Amino acid sequence: MGDDQHAAAGSGKETIPLLTPYKMGRFQLSHRVVLAPLTRQRSFGCVPQPHAAVYYAQRTTPGGFLIAEATGVSHAAQGYPHTPGLWTREQMEAWKPIVDAVHAKGGVFFCQIWHTGRASNYGAKQLPVLTAWRSTRRGYLLDQFLKDGVNDRADAYGGGSLGNRCRFALEVVSAVAGAVGRDRVGVRVSPYTDYMDAADSDPAALGLHLARALGEAGVLYLHAVEPRMRRPTERGETRHSLRPMRDAFGPGRTFIVAGGYAREDGDAAVADGYADLVAYGRLFLANPDLPRRFQLHAPLNQYNRETFYTPDPVIGYTDYPFLSDEKTDDGVSK
């Protein structure tokens, strides 16, 4: 238990581990509830739209940490309609008011950059040239290199060697860190998933190798998907744990977990040192004031899966209700 949690316990107030402050490198966070990167498919023509500023600002709290939806690094990187990009001047200019809206409310905002690899709709599978602001990297192209179920290359970037299969991902991380600084780069990994048929025969070993290498690379944080989430929307039982990866990443480094967390198990993960921060996806999508609801033990809005990826700029996007303002006994809002 950290000093802030001890102080709360000593004061007689309820300790909510998820809502205790945390310092992530240069960034002082007021709580540990993170907006997970969520593909929403509402960036028409791959250009971020004004309604995205509303969406992200709704989910921003002072000192809150948000990770933007996966954002393409080139035209060939796109695999789904209406996903945002960050390779043209128009796109970069369109992101600015969105970032400004988050910063105006005191939030910390990172962009998750990606190349969809073989999921791309385009014929040219060119490798991306990465230049970005605060950024995380994900997958599918990098996942294809990491997993021995799909990487059958016979060169220095493939084969049975973990070092070979991880080489490309680590070179990308190094390139991005060289452009924006290691203290502004985080990495999301999912060694246990087999999404897009990209599976590994020994995900535990892969996760450990990546965690050690990324710790040595000095990235700001490591964001790992729970082994129970083998598919994006399916949670199952597993004997595996992210604890070895957390330990291998190194002490004093920020470790974020994701994968079907509720408030209770998120609190437990923080309280016992399993994770520093917990990323929430579907719950945060449907509850723009999720940290407040956790604080008040308030009921949660139910998400509507049918509107996750509809292109409507409002429905299923910015129309989820907030908690009503608290009322005093005389009916006046506080």
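**Backbone, burial and helix packing**

Q: What is the relative accessible area of H82, a partly exposed residue?
A: In this predicted model, local features need pLDDT of at least 70 and side-chain atom pairs count only at pLDDT 80 or more, while totals for chains, interfaces and linings use all residues. Residues are numbered from 1 along each chain as its sequence is written, and side-chain values use heavy atoms, leaving out hydrogens and water. Buried means under 20% relative accessible area, exposed over 50% and partly exposed in between (1.4 Å probe, protein chains only). H82 is partly exposed, at 32%.

Q: What is the phi of H82?
A: Most residues other than glycine have a negative phi. H82 is located in the loop between β5 and α3. Its phi is positive although the residue is not a glycine, with a value near 60°.

Q: Where is H297 placed?
A: H297 is not a glycine, yet its phi is positive, about 55°. The residue is partly exposed, with a relative accessible area of 49%. Its place is in the segment after α10 (290–296).

Q: How far apart are the end C-alpha atoms of helix α3?
A: Helices are DSSP runs (H or I, at least four residues), as are strands (E, at least two), numbered from the N terminus. The expected span of a helix is 1.5 Å times one less than its number of residues. For the 16 residues of α3 (residues 89–104) this should give 22 Å, which agrees with an end-to-end C-alpha separation of 23 Å.

Q: Which elements do the buried residues of α3 pack against?
A: The buried residues of α3 are Q91, A94, W95, I98, V99, A101 and V102. Contact means heavy atoms within 4.5 Å. The partners of these buried residues are α2 (50–58), β4 (65–67), β5 (71–72) and β6 (108–114).

Q: At what angle do helices α5 and α6 pack?
A: Axes are lines fitted to C-alpha atoms, for helices over the stretch in contact, and angles run from 0 to 180 degrees between N-to-C directions. The axes of α5 (residues 162–180) and α6 (residues 203–217) lie 11 Å apart, and the angle is about 40°.

Q: Which residues in α6 meet α5?
A: From α5, the residues in contact are L162, G163, C166, L170 and V173. Their counterparts in α6 are A205, L206, H209, L210, A213 and L214.

Q: What percentage of the 334 residues is buried?
A: The protein contains 10 helices and 11 strands. Among its 334 residues, the buried ones make up 54%.
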